[in-house]
Amino acid sequence: MDHATQVALIRRIQEHLRTDTTHMEAEESRIPMESYLRADRLEAERELLFQRRPLLVAHTSQLPEPGDYLTHDASGLPLLVCRTASGEPTAFLNVCRHRGTRLVEEECGRRKHAFVCPYHGWTYDTEGSLRAVPHETGFPSRPSESVGLVRVSIAERFGLLWAQGRKDSRFAADTFLAPIASELASHGLETHVVFRPQRLELKLNWKLAIEIFLEAYHVRHAHRTSIYPLFIDNVGLMDRLAPHIRCVFPKRTLRDLAGTPEETWRLRPHANILYFIFPNTLMLVQPDHVNVTTVFPLDLDRTDFRTFTLLPEAPLSEKATRHWDKNVDLFMAAVQEDIQMGESIQRGLRSGANASLRLARFEHGLRYFHEAMDQALGVRG
Ligand code: FES
Ligand SMILES: [Fe+2]
């Protein structure tokens, strides 16, 4: 984030502190309950949000060498992502072109040359070309001359791999990420490394797993003894970088900047910056590391929650590992508190108590999220 933007954000927070206000919309709003409960809504989300837009599937450091590959099924499409001999990323549907067997079962690995289908042995190279067909005389159409794995769009940007599963996707990764690109670029994530990747299955609708990150209102109560001591009650900035959102959650230490020269101001030590990258990625930028979370629907009330931490360099000593472990533990403790609240909401969704969920003027991060979804799904507001 450039210095002028950091100063502008700090000034806005200082003004809220001075006037005892917070950033908010003119009006309250509501989220209709159907958006969490209807099966047809979930189908539309899978199709239009998870399969036709660039989704974060890995960090660059998870595919460092030619021949490295990983499988990714969370979008509802079976993806095989590899790094080719030339170092470029490539991605395919992980489905054999003979009779459709899953080509690669493992989550990740390294194959220098070929993927061999476990059923009849059709063999593909890391570019997806079909290289060998046992007893090809049985196929007068000569598939080895014309068939390859079905390619999926993939782009490597900001140290992250973005894949979109459907061939007829309309969104180029660069266009899609443009509103947030300069900020993502400024964090130098290309040179970071993944630390402690984890996967949880949550008992809630996937949107609730996003919403628990998008406001500061809950911090004082839900995180009373974990992280609230670090933060300022209910002060946050939510800015649309549509369809994405940038949230800034100031820490108490930001007050210390008053009276110091602006040239020395830096936002990262004094606030958590959260980028919500539509539709399912949360990137929490902390002073010296970044937590990256992606969520995917498993069902209306079950969610695949994947998170990893990006460190500026791999920890080289036990002391460094302990330091980063402590950071991740604190993050996960707060996330568990959030998840408890989200799962609690889920349990009451069908009770009939609320026909819609009520958002305060300062819970507008959730409103922006739902408005972006409505637009993407063609729902009229
Ligand atoms: S299904 Fe893959 S080789 Fe037959
Ligand atoms: Fe929280």
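Modeller: Seven strands make an open sheet in the order β12-β18-β17-β16-β15-β14-β13, and their pairing is antiparallel. The model is a predicted one, in which local features need pLDDT of at least 70, side-chain atom pairs count only at pLDDT 80 or more, and totals for chains, interfaces and linings use all residues. Residues are numbered from 1 along each chain as its sequence is written, while chains are lettered from A and ligands numbered from 1 in the order in which they are written.

Colleague: What makes β12 and β13 stand at the edges?

Modeller: Two strands pair if DSSP finds at least two bridges between them. β12 and β13 (237-241) each have a single partner strand, so one side of each is left without a neighbour in the sheet. The strands themselves are DSSP runs (E, at least two residues), as helices are (H or I, at least four), numbered from the N terminus. Neighbouring strands of this sheet are turned by 15 degrees against each other on average, direction ignored, with axes taken as lines fitted to C-alpha atoms, for helices over the stretch in contact, and angles running from 0 to 180 degrees between N-to-C directions.

Colleague: How do you know that β14 and β15 pair?

Modeller: Six bridges join β14 (residues 244-250) to β15 (residues 271-277), and the two run antiparallel. The definition asks for at least two bridges, so these strands count as paired. Within the pair, Arg246 stands opposite Tyr275 of β15.

Colleague: Why is Arg196 called partly exposed?

Modeller: A residue is buried if 20 or more other C-beta atoms, placed from the backbone, lie within 10 Å of its own, exposed if 12 or fewer, and partly exposed in between. Arg196 has 17 such atoms within 10 Å, and therefore is partly exposed. Arg196 belongs to strand β12 and touches Phe308, Thr309 and Val328, not counting residues up to four places away in sequence; contact requires C-beta atoms, placed from the backbone, within 7 Å.

Colleague: Which domains does the chain have, and which elements of domain 1 touch domain 2?

Modeller: The chain is divided into domain 1 (3-52 + 193-377) and domain 2 (55-164), with bounds that come from an automatic or database domain assignment. The contact takes 13 residues from domain 1 and 10 residues from domain 2. On the side of domain 1, the elements giving two or more residues are α3 (39-50), β12 (193-202), β17 (290-299) and β18 (302-311).

Colleague: What is the order of the other sheet, β2 to β6?

Modeller: Its seven strands form an open, antiparallel sheet in the order β2-β11-β10-β5-β4-β3-β6. The edge strands β2 (55-59) and β6 (108-110) each pair on one side only.

Colleague: How do you know that the span of helix α9 agrees with its length?

Modeller: The expected span is 1.5 Å times one less than the number of residues. For the 14 residues of α9 (residues 364-377) this gives 20 Å, and the end C-alpha atoms are 20 Å apart, so the two agree. Among the buried residues of α9 are Leu366, Tyr368 and Met373.

Colleague: What makes the radius of gyration agree with a compact globule?

Modeller: The radius is taken over C-alpha atoms, and the globule rule is 2.2 Å times the number of residues to the power 0.38. For 381 residues the rule gives a value near 21 Å; the chain has 23 Å, which agrees.

Definitions and conventions
Two residues are in contact if their C-beta atoms, placed from the backbone, lie within 7 Å.
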